[in-house]
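Me: Hi! Could you take a look at this model with me?

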Amino acid sequence: MYKSELHALCSKKHCPKPEFVHTCEGPVHSPVFTATVTLNEKKFCAGEGTPSKKEVDNLAARAALLSLADSSKPFESKTDFKTQLSVYAQKLGKVPPLYKLIQEGPAHAPRFNAEVTIDGQTFGRPELLYYKLKDAEAAAAEVALDLLPPIPPQESTIPSLSYKNFIQEIAQKEGILLPVYNTVPTNKEYSTAYKSSVQIKCEIFEGEPRTSKKQAEMNAAKIAYHHLALLELDGDDNERPDH
């Protein structure tokens, strides 16, 4: 009864299924079983042994349900951390998080750890091993979310979508060739990013990889614009008479 109720609760909360582990003591003709259930890395014990596996499973499940009922913060699905990290990268226009699997132990009983790399930084919890790969990835994503800086406000009052227009206007104003973009995909195992460069005034400006061609070109145009703006300011200073 309690075991099925615990499974139903996990399904409702979109959490990993509870894992039951049994131990057996006593003679073969009169065994005594105990059980432990693991839920989101928390272990709950039956508390006493019985001759029936089914009964100790229910006792362990009951202990888990009572603990969850007393908790002011119900357990949450760790898959949310991976989703949150992906959203973080998307909002900043970064390459999607890249996960690296680390497996230890024998093939019949492997344990997993994972690292996640985002924006050139790698995060993980190397001191812990997990029964499931998705739990290891979620733990790495949780560490990344804790340590990464918050999403900054807009760096400039100039909308990013207008940088391409700005450098095109500069080219038209000076009567030179219009900007030429070269955007190519950059394969990184499970993720694909795009890197773009723009040529203007016989100079080539490269931007950091982004998740779409449009974002990559905007980033390259932004770098070119700031460079050209600095040159224009330097030119104005040189034309000013000395006082």
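Me: What kind of model is it, and what should I keep in mind?

Reply: This is a predicted model, where local features need pLDDT of at least 70, side-chain atom pairs count only at pLDDT 80 or more, and totals for chains, interfaces and linings use all residues. Residues are numbered from 1 along each chain as its sequence is written, and side-chain values use heavy atoms, with hydrogens and water left out.

Me: What does the pLDDT average?

Reply: The average is 78, and 79% of the residues score at least 70; pLDDT is the predictor's confidence in each residue, from 0 to 100.

Me: Where does pLDDT stay under 50?

Reply: One such stretch is residues 154–161, with eight contacts beyond four places in sequence (contact means heavy atoms within 4.5 Å).

Me: Switching to helix α5, which residues are buried?

Reply: Tyr-163, Ile-167, Ile-170 and Ala-171. Buried means under 20% relative accessible area, exposed over 50%, partly exposed in between (1.4 Å probe, protein chains only). Helices are DSSP runs (H or I, at least four residues), numbered from the N terminus.

Me: And which residues are exposed on the other side of α5?

Reply: Gln-172 and Lys-173. After α5 comes Gly-175, with a positive phi near 70 degrees.

Me: Last one: is Asn-219 buried or exposed?

Reply: Asn-219 is buried, at 13% relative accessible area. Asn-219 belongs to helix α6 (residues 213–239) and touches Gly-207, Glu-208 and Arg-210, leaving aside residues up to four places away in sequence.

Notes: Helices (H or I, at least four residues) and strands (E, at least two) are DSSP runs, numbered from the N terminus.
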